[in-house]
Amino acid sequence: MSSRANDVLRLVALCLVVFYNVVGLLDIFSTVLAIETGVAEEANPLMRYLMEEIGVGWVAVKLTLQFMISAMVLWFPHRYVLLLFAATVAGNSIIVANNFLIALTG
């Protein structure tokens, strides 16, 4: 059976993608919040470059990449893809929590 034909895998993919996009939006918000406190800077060199070169346009770039990744996961919800994707979402969640911790204690 194809991964796309498996209703359970498609549902898991959809749930993960929704959670991933919520985490992504919180990442944007928490990053801006942490940077605006003056005690933090963007750790990702690529995102830092985009922030410096295109200002708030970095948000559009991040969202575009995020939605492209979401589409790929929904298109091919293989169990290995979903496992790796879930681990990535968990890692991003930790980063977002850290951003908020920096912003609120900074």
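Two packed helices are described by the angle between their axes and the distance between the axes. Here α2 (residues 45-54) and α3 pack at an angle of about 140 degrees, with the axes 8 Å apart; the axes are lines fitted to C-alpha atoms over the stretch in contact, and angles run from 0 to 180 degrees between N-to-C directions. On the α2 side, Met47, Leu50, Met51 and Ile54 meet Gly57, Trp58, Val61 and Lys62 of α3, where contact means heavy atoms within 4.5 Å. The helices are DSSP runs (H or I, at least four residues), numbered from the N terminus.

The model is a predicted one, in which local features need pLDDT of at least 70 and side-chain atom pairs count only at pLDDT 80 or more, while totals for chains, interfaces and linings use all residues. Residues are numbered from 1 along each chain as its sequence is written, and side-chain values use heavy atoms, with hydrogens and water left out.

Lys62 also forms a salt bridge with Asp27, and because Lys62 lies in α3 and Asp27 in α1, the pair ties together parts that are 35 residues apart in sequence. A salt bridge is a side-chain nitrogen of Lys or Arg within 4 Å of a carboxyl oxygen of Asp or Glu, and by this rule the count comes to two.

| Salt bridge | N to O distance |
|---|---|
| Lys62 and Asp27 | 3.1 Å |
| Arg10 and Asp7 | 2.9 Å |

Both Lys62 and Asp27 are buried (buried means under 20% relative accessible area, exposed over 50%, and partly exposed in between, with a 1.4 Å probe and protein chains only). Arg10 and Asp7 both lie in α1, three residues apart, about one turn of the helix; Arg10 counts as partly exposed at 39% relative accessibility, whereas Asp7, at 55%, counts as exposed.

Asn98 is placed in helix α4 (residues 79-105).

On the surface, Leu11, Leu14, Val18, Val22, Leu26 and Leu74 form a nonpolar patch with about 500 Å² of accessible area together. Helix α1 (residues 7-36) gives the most to this patch, with five residues, while Leu74 lies in α3 (residues 57-75).

Definitions and conventions. Patch = residues over 30% accessible without salt bridge, like charges linked within 9 Å, V, L, I, M, F, W, Y side chains within 5 Å. Areas by Shrake-Rupley, 256 points an atom, 1.4 Å probe, with all protein chains shown as cover. Helix = DSSP H or I, 4+ residues; strand = E, 2+ residues; numbered from the N terminus.
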